[in-house]
Amino acid sequence: MISVRGLIVEFGAHRVMDGLDLDVRRGEVLGFVGGSGQGKSVLMRTILGLVQKKAGSIRLFGQDRDALPPRELRLLEQRWGVLFQNGALFSGLTVKQNIQMPMRENRDLSQSFMDDLALLKLKLVGLPADAAEKLPSELSGGMIKRAALARALALDPELLFLDEPTSGLDPIGAADFDELIATLQKTLGLTVFMVTHDLDSLYSICDRVAALSQGKVIGVGSLQELLASDQPWLRAYFHGTRGNRLIGTLERKPDG
Ligand SMILES: Nc1ncnc2c1ncn2[C@@H]1O[C@H](COP(=O)(O)OP(=O)(O)OP(=O)(O)O)[C@@H](O)[C@H]1O
Ligand SMILES: [Mg+2]
């Protein structure tokens, strides 16, 4: 679904991506980890075309971004949904209007049909129908994430980009959100690219995990494979205190 080769991204003299390669396979949930400021969000934004690359290639759905005329690029963009790290919703619009924004921009649908669709999307993400008329400021953090997810699903995407979807949620809220993503991924057959620091999310819903350090993917595989790696950065990341607690839980599970 996504294939990145030799990606270089710079902001002035600061090189953030330094020859990065990454593949995301159809139907998988790929967890993307890396230290703060290493460039996880920049990578996502570069794949989405919101940040300019200096060199390298990005293929989406088998098509080279650079080779596509603007009209086809626009069609391609409708095949993915995005949950950004910050600023999830437009604060001046109701939840319903937020969800309908991508429909309004890309489809020619009647208002009553869009209203039905918005309610359907709300149901899909586990929000009550009365959330539709609320403003983001009237929702809890967890509800905002769900509403933003509903908007990401507005155009029935095949590919979903999530940047730190569970950050700021309490452990139960985060676990519920992980479960929601797993359910949606299965029922809608989504491919998911998920940036996360949440080791529980990596363990519970990711098929593979890729790790970013110094502008490159330094490891990719199952969580178990990365946990067993001797690579110094991976060891430091996963075998710190918090990591070890998770590994303890993994080891206590009979099926490993
Ligand atoms: N528009 C920009 N202009 C200049 N520098 C930028 C820009 N966007 C990001 N950067 C820099 O690129 C680097 C990577 O930032 P990025 O937001 O991708 O980190 P991250 O891995 O997502 O971190 P976090 O886990 O804290 O979200 C940082 O040094 C940041 O300051
Ligand atoms: Mg980020």
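How do the residues of the shell around ligand 1 divide into nonpolar, polar and charged? The views below are taken from a predicted model.

**View 1. The shell around ligand 1.** The shell residues divide into 7 polar, 3 nonpolar and 1 charged. Phe 11, Val 16 and Gly 34 belong to this shell, together with Ser 36, Gly 37, Gln 38, Gly 39, Lys 40, Ser 41, Val 42 and Gln 85. Helix H1 (residues 40-47) supplies 3 residues, the largest share of the shell.

**View 2. Helix H6 and its buried face.** H6 covers residues 171-188, 18 residues in total. Its first and last C-alpha atoms are 25 Å apart, close to the 26 Å expected at 1.5 Å a residue. Ala 174, Phe 177, Asp 178 and Ile 181 are the buried residues of H6. Viewed down the helix axis, these buried residues fall within an arc of 105°, so they line one face of H6. Ile 172, Lys 186 and Thr 187, on the other side of H6, are exposed.

**View 3. Val 95 in helix H3.** Val 95 is part of helix H3, which comprises residues 95-106. Val 95 has 28 other C-beta atoms within 10 Å and is therefore buried, the cut-off being 20 or more. Leaving aside residues up to four places away in sequence, Val 95 touches Ala 131, Ala 132, Lys 134 and Ala 147. Between Val 95 and Gly 240 the separation is 145 residues in sequence and 39 Å in space, taken C-alpha to C-alpha.

**View 4. Asp 156 in the loop between H5 and S7.** Asp 156 lies in the loop that runs between H5 and strand S7 (159-163). The phi of Asp 156 is near 50°, a positive value in a residue other than glycine. Asp 156 counts as exposed because it has 12 C-beta neighbours inside 10 Å, and 12 or fewer is the limit for that class.

**View 5. Gln 214 in the loop between S9 and S10.** The loop between strand S9 (208-213) and strand S10 (216-221) holds Gln 214. Gln 214, a residue other than glycine, has a positive phi near 50°. With 15 other C-beta atoms within 10 Å, Gln 214 is partly exposed.

Notes: Residues are numbered from 1 along each chain as its sequence is written. Chains are lettered from A and ligands numbered from 1 in the order in which they are written. This is a predicted model: local features need pLDDT of at least 70, side-chain atom pairs count only at pLDDT 80 or more; totals for chains, interfaces and linings use all residues. A residue is near a molecule or strand if its C-beta atom, placed from the backbone, lies within 6 Å of it. Helices (H or I, at least four residues) and strands (E, at least two) are DSSP runs, numbered from the N terminus. Ala, Val, Leu, Ile, Met, Phe, Trp, Tyr, Cys and Pro count as nonpolar, Asp, Glu, Lys and Arg as charged, and the others, Gly among them, as polar. The expected span of a helix is 1.5 Å times one less than its number of residues. The arc is that of the directions from the helix axis to the C-beta atoms. Two residues are in contact if their C-beta atoms, placed from the backbone, lie within 7 Å.
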